[in-house]
Amino acid sequence: MQVPAVTTHLMWSIAGVLAVIDLAFVTVLSLRVRPPWPPRLAPVLLAVGALSFAALFTWAFRSYWDSCYAAALPTAMKALAPLLGAVLGALGWVFWWLARRPGRGAVPLFLLLGAAESIPGHLNAIYRFDLLERCPLIQGISPASALVFGLVEFGFYWSVVLTASNVVARLLD
């Protein structure tokens with residue numbers, strides 16, 4: 001199956017749409033996820049983050065391995081996708097611990113830390129593994145568009161994780 005190439009323009013366009021969605025999430029979550037925090041929010045966030053990112057990475061690597069990742073990544077990465085995702089998702093607990101310190105806007109800071117989590121991985125993919133040159137799906141897109149897309153993409157993922165975690169934690173308490 002021929003996969004159409006993603007262009008820099010498309011990356012910027014999708015990033016713009018995701019940025020608007022992220023801003024809506026920040027606004028709504030800032031109103032809904034407030035002190036007093038549900039007592040079980042942190043452990044639920046740890047579990048939901050780890051499971052969500054493990055599932056996301058597993059799906060992405062299985063779905064796009066042949067059309068993208070195989071061109072640049074070692075084969076072992078495909079098998080390690082669930083573990084890598086779980087570890088990155090578990091960082092949500094650290095982000096929440098940092099974000100909810102007094103005097104800070106917990107939700108915006110949490111989502112900003114989650115979004116920033118994408119930068120090391122995307123820089124590694126772009127510059128160490130030459131993903132933008134080797135992967136036919138995204139070949140030739142600008143590094144800036146890939147990095148900005150990654151920021152808003154992970155901001156979206158963490159918004160969904162925080163939403164689900166807040167609902168589950170409130171149901172458990």
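The buried residues of helix α4 are covered by parts that include α1 (8–32), α2 (41–64), α3, α5 (118–128) and α7 (143–172). This is a predicted model: local features need pLDDT of at least 70, side-chain atom pairs count only at pLDDT 80 or more, and totals for chains, interfaces and linings use all residues. Residues are numbered from 1 along each chain as its sequence is written, and side-chain values use heavy atoms, with hydrogens and water left out.

**Helix α4 and its cover**

- Helices (H or I, at least four residues) are DSSP runs, numbered from the N terminus.
- Helix α4 spans residues 106–116, and its buried residues are Ala-106, Val-107, Phe-110, Leu-111, Gly-114 and Ala-115.
- These residues sit on the same side of α4, because they cover an arc of only 160° around the axis. The arc is taken from the directions that run from the helix axis to the C-beta atoms.
- Buried means under 20% relative accessible area, exposed means over 50%, and partly exposed lies in between (1.4 Å probe, protein chains only).

**Phe-95 in helix α3**

- Phe-95 is in helix α3.
- Phe-95 has a relative accessible area of 9%, so Phe-95 is buried.
- Phe-95 touches Phe-110, Leu-113, Gly-114, Glu-117 and Trp-158, not counting residues up to four places away in sequence. Contact here means heavy atoms within 4.5 Å.
- Two of these partners, Phe-110 and Gly-114, are also among the buried residues of α4.
- Ala-70 is 25 residues from Phe-95 in sequence and 31 Å away in space, C-alpha to C-alpha.

**A nonpolar surface patch**

- Leu-46, Leu-91, Trp-93, Val-94, Trp-97 and Leu-98 form a nonpolar patch on the surface. Together they have about 470 Å² of accessible area.
- Patches are made of residues with over 30% relative accessible area and no salt bridge; like charges are joined within 9 Å, and nonpolar side chains (Val, Leu, Ile, Met, Phe, Trp, Tyr) within 5 Å.
- Accessible areas come from the Shrake-Rupley method with a 1.4 Å probe, and for residues only the protein chains shown count as cover.
- Helix α3 (residues 76–99) gives the largest share of the patch, 5 residues.
- Val-94 is in helix α3. Val-94 counts as partly exposed because its relative accessibility is 33%.

**The disulfide**

- The structure holds 1 disulfide, defined as a pair of cysteine sulfur atoms within 2.5 Å.
- Cys-68 and Cys-135 form this link, with their sulfur atoms 2.0 Å apart.
- The pair joins distant parts of the chain, 67 residues apart: Cys-68 is in the loop between α2 and α3, and Cys-135 is in the loop between α6 (131–134) and α7.
- The link of Cys-68 and Cys-135 is left-handed, with -125° about the S-S bond.
- Cys-68 is buried, at a relative accessible area of 5%. Cys-135 is buried too, at 0%.

**The salt bridge**

- The count is 1 salt bridge. The rule asks for a side-chain nitrogen of Lys or Arg within 4 Å of a carboxyl oxygen of Asp or Glu.
- Asp-173 pairs with Arg-40, and their closest N and O atoms are 3.5 Å apart.
- Asp-173 lies in the segment after α7, and Arg-40 lies in the loop between α1 and α2, 133 residues apart.
- Asp-173 is partly exposed at 43% relative accessibility, and Arg-40 is partly exposed at 40%.

Notes: Helix = DSSP H or I, 4+ residues; strand = E, 2+ residues; numbered from the N terminus.
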